[in-house]
Amino acid sequence: MSWEDGFPFELSDEERMAQETARAFSKNEVLPLAAELDREHRYPAELIPKMGALGLMGACVPTEFGGSGLSTVAYCLMVEELAAACASTSIIMSAHNSLCIAPIVAAGSVEQKQRYLPDLCSGKTVGCFALSEPGCGSDAASLSCRVEKQGDHYIVNGAKNWITNGPVADVCVLFATHDTAGGHKAVSAFVHPMEIAGLARGKKEDKLGIRGSPTCGLTYENVKLTSANLLGAERSGFKVAMSTLNGGRLGVAAQAIGIARAALRDALSYSKERKTFGVPICEHQSIQNYLSEMIIQIDAARALTLGAARLKDRGAAYIRQAAMAKLYASEAAMFAAIKGVQIHGGYGYVSDYPAERHLRDAKITEIYEGTSEIQRIVIASQLVKES
Ligand code: CAA
């Protein structure tokens, strides 16, 4: 057993196999591309069909719709393996699974599932999730993107921002409001193809990290949808968004663990080679303190994440646990990445070594799919409800 496995966690044979498959693929096919994807800001299009063939693009989708029918635990293990190789690739896969596919599985009609899921699961198409807006992020109920019912049609006007996979996506799960003063009860969810009249993608964002994962804004100008695009009941979209984000937070937690693992892996190997005062620096107590704190936080983050994922798999309440996992794992990733740079000294500050990339990649996990500040609100409000 390697330190990268953490504590023995009760896994089914299927979950263990999913982890091993993702680990081998990540090591052989993803890790060798990671530095280049970051440097060139390049979307790894060639990996998508391969991930589809291995079952990563429809991890938790029932097999009848072309998915792998795996547990959330297996999904988190797969995201972690991808992220330990390349944070960008892991969020392309995780946003696709957690944010686009999951709400279709949870709230979609049989027709919508048959129409969208098989291609999404095979990697023939890629999905995105359009909730945030230029002026609306953490306060997700105060949307400005308007939907107006006109006879049998829904007409959408407005702007969306920070859309992971936006520049390359084929399918979008969209949230829009019937009444900007109506709060969460006025929001409807839709699923629609990206090739649709009136929808324009904005410029690709130039990001600090996860540079292989493309992000853009979207503009809707009189986009015409029908009831076939409505996801769940009219005006029930806020609940769809919140439930989606509960699951999405587990994906981000797993991603953060993978990034932290990469930071520790690279710091460990550097600290065994680099010598100061006549010994490898891993023999100095200051460095040992950093390494020990990094592995403790990684293992604790994984225990929280897989524990919350297991609750989800059992159909139990897991909102607080998912928020706790996401908050703790993202802070563990930042800690590991910062200490990873410190252990590398000057070499940690230049792009010849991956330490600086891990730091740039780690930061976003404290921001997207609910900031750390929002996670603390969710944790405390759930705690009050539970007591
Ligand atoms: N799960 C399920 N239901 C939830 C929920 C949750 N986590 N949070 C709230 N709800 C339900 C409530 O129970 C309530 O239902 P009732 O009407 O039946 O009582 C309803 O939703 C409204 O709840 P609140 O009054 O608590 O809602 P609020 O407006 O005060 O907002 C919030 C609560 C938790 C702050 C919410 O706005 C939120 O989660 N904000 C963060 C949004 C976010 O994570 N954005 C990230 C966007 S995705 C992204 O990052 C892009 C990408 O591509 C990666």
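Predicted model: local features only at pLDDT ≥ 70, side-chain atom pairs only at ≥ 80, totals over all residues.
**Domains**

Interface size is often given as the accessible area lost when the parts come together. Here the area buried between domain 1 and domain 2 is about 2,000 Å². Carbon and sulfur atoms give 63% of that area. On the domain 1 side, H41, Y116 and V126 supply 30% of the area buried against domain 2, more than any other three residues.

What polar links join domain 1 and domain 2? There are 10 residue pairs in polar contact, both residues at pLDDT 80 or more. The count of salt bridges between domain 1 and domain 2 is 0.

**Nonpolar core**

The largest nonpolar core has 36 residues. V30, I48, M51, M78, L82, M93 and L250 have the most contacts inside it. Six helices each supply at least two of its residues: α1 (13–40), α2 (47–53), α3 (72–85), α4 (87–107), α6 (237–273) and α7 (285–313). Helix α3 gives the most, with 9 residues. The core draws at least three residues from each of domain 1 and domain 3. I48 touches Y43, M57, I92, G123 and V126, leaving aside residues up to four places away in sequence.

**Two buried threonines**

T244 is found in helix α6. Its relative accessible area is 5%, so T244 counts as buried. The T244 side chain reaches the backbone oxygen of V240 at 2.6 Å. Beyond residues up to four places away in sequence, T244 touches S98, L99, P103 and F129. T244 and E15 are 229 residues apart in sequence and 22 Å apart in space, C-alpha to C-alpha.

T365 is found in the loop between α9 (355–363) and α10 (372–386). Is T365 buried or exposed? T365 is buried, with a relative accessible area of 0%. A polar atom of the T365 side chain lies 2.7 Å from the backbone oxygen of A362. Neighbours within four places in sequence aside, T365 is in contact with V252, Q255, A256, I259, K326, S330 and A333.

**Salt bridges**

The count comes to 22 salt bridges. Three of them are tabulated here.

| Pair | N to O distance |
|---|---|
| R23 and E81 | 3.0 Å |
| E331 and R376 | 3.2 Å |
| E40 and R39 | 3.6 Å |

The salt bridge of R23 with E81 links distant parts of the chain: R23 is in helix α1 and E81 in helix α3, 58 residues apart. R23 is partly exposed at 24% relative accessibility, whereas E81 is buried at 3%.

E40 is partly exposed at 47% relative accessibility, and R39 is exposed at 55%.

E331 lies in helix α8 (residues 319–344) and R376 in helix α10, so this pair ties together parts 45 residues apart in sequence. E331 is partly exposed, with a relative accessible area of 30%. R376 is also partly exposed, at 44%. Salt bridges that share partners join E4, D5, R23, E80, E81, R261, D299 and R302 into one network.

Conventions
Residues numbered from 1 in each chain as written. Heavy atoms only, no water. Core = buried A, V, L, I, M, F, W, Y, C linked by side-chain atoms within 4.5 Å. Buried < 20%, exposed > 50% of the residue type's maximum accessible area, 1.4 Å probe, protein only. Helix = DSSP H or I, 4+ residues; strand = E, 2+ residues; numbered from the N terminus. Domains from an automatic or database assignment. Contact = heavy atoms within 4.5 Å. Buried area = accessible area lost by both parts, 1.4 Å probe. Salt bridge = Lys/Arg side-chain N within 4 Å of Asp/Glu carboxyl O. Polar contact = N/O pair within 3.5 Å; in protein donor to acceptor, adjacent residues only side chain to side chain.
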